[in-house]
Amino acid sequence: MRITRTARERERQRTFARLERLYREGRYEEVEAGAQALAATSWRDRFRPVARWERQARTLATGVAVAHGRGDEVLAELETLIAQLEPVDADTHVLQLVVRANRTVVLIGQERHEEAEAESLDILRAVTRLAHLTPLLRLELRVLGNLGRALCGQARHEEAEEIARGNLPRADERSAVPLYAVLMRALNGQGRYEETLAVARRFAPPPQRADSGLVDLFTGAAQLGLGRLGEAEAAARRALTDCERQLHPAHPRTREVRDLLARVTGEHPFG
């Protein structure tokens, strides 16, 4: 029995590592299906190590759905998972914080910005309490990006800019992406369009499916603010093509790009 349990644990570990690699490659549909299958298999096994894989698989599956733009579909599952992930140890607590951060992204997409701000601040307090136990810089920076977006949603652009600029020096190439996005959004919100374009020119995010259309969205909004309608339309159409090819049709960024294009062309956003 012990040998069988150990072999099963190694197999799940290999499966999870493969799913994480596929996620980095942007193969969201495969990852979500694989994570759901792993969670279902783990649920039937009563051994403690398998329960850990079941929780991680469900966290991955819902996180991929949020990245793809299907956050509304999995909001109830996120809330259930948060409740079930009682933080009995540091690892489980961190997993719960990851799920809560994913839920915050959904709240922002639903324009529930005050709730998203409160949740982000609470997560950051928890991260501070856990920092002596495990490295959490990437999670902290991601949550700070969520907080910046929630502030921009409340037209508190100066505060969002301060968060982005204050934390970019701590970020590596990947974790800098949400902070650069907050910075460009905040600058546009203040009417500082030339500065947005300068940030966009020097910001070259690593290719990730979740970032599709990001830079062109803020570039197009800045060009519109400067009255350069031709350039704004070109950027908005690039962003829309990118989003429609890579993201789910319900993704909040796709809706935002369509709205931008409608403002540029004077057309209804849905044709």
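Which helix holds Arg100? Arg100 is found in helix H5, residues 90-109, where helices (H or I, at least four residues) and strands (E, at least two) are DSSP runs numbered from the N terminus.

## Basis of the model

This is a predicted model, in which local features need pLDDT of at least 70 and side-chain atom pairs count only at pLDDT 80 or more, while totals for chains, interfaces and linings use all residues. Residues are numbered from 1 along each chain as its sequence is written, and side-chain values use heavy atoms, with hydrogens and water left out.

## Overall fold

The chain has 13 helices and zero strands. The radius of gyration, taken over C-alpha atoms, is 20 Å, close to the 18 Å that the globule rule (2.2 Å times the number of residues to the power 0.38) gives for 271 residues, so the chain is as compact as a globular protein of that length. Taken along the principal axes, the C-alpha atoms fill a box of roughly 70 × 40 × 30 Å.

Of the 271 residues, 49% count as buried, where buried means under 20% relative accessible area, exposed over 50% and partly exposed in between, with a 1.4 Å probe and protein chains only. Among contacts (heavy atoms within 4.5 Å) with a separation of 6 or more, 62% come from residues 24 or more positions apart.

## Nonpolar cores

A nonpolar core is a set of buried Ala, Val, Leu, Ile, Met, Phe, Trp, Tyr and Cys residues joined through side-chain atoms within 4.5 Å. The largest has 48 residues, of which Leu97 and Leu139 touch the most other members. Helix H9, residues 177-189, gives the most to this core, with nine residues. A second, separate core of 15 residues includes Leu19, Val31, Ala67 and Ala210.

Leaving aside neighbours within four places in sequence, Leu139 is in contact with Leu97, Val98, Ala101 and Val127.

Arg100 counts as buried, at 11% relative accessibility. Not counting residues up to four places away in sequence, Arg100 touches Ile82, Glu119, Asp122 and Ile123. Ile123 itself is found in helix H6, residues 113-130, and counts as buried at 0% relative accessibility. With neighbours within four places again left aside, Ile123 is in contact with Leu97, Arg100, Ala101, Thr104 and Val143; the C-alpha atoms of Ile123 and Thr104, 19 residues apart along the chain, are separated by 9.9 Å.

Thr196 lies in helix H10, residues 193-202, and is buried, with a relative accessible area of 0%. Beyond residues up to four places away in sequence, Thr196 touches Met184, Leu187, Asn188, Phe218 and Ala222.

## Loop residues with positive phi

Most residues other than glycine have a negative phi. Glu111, in the loop between H5 and H6, has a positive phi near 60 degrees and counts as exposed at 62% relative accessibility. Ala155, in the loop between helix H7 (137-153) and helix H8 (157-167), likewise has a positive phi near 60 degrees and is exposed, with a relative accessible area of 52%.

## The second largest pocket

The lining of the second largest pocket includes Pro205, Pro206, Pro207, Arg209, Asp211, Leu214 and Asp242.

Technical notes
On a 1 Å grid over the protein atoms alone, a cavity is a set of points where a 1.4 Å probe fits but cannot get out, and a pocket is an open set with protein on both sides within 12 Å along at least five of seven lines; lining residues have an atom within 4 Å of a point.
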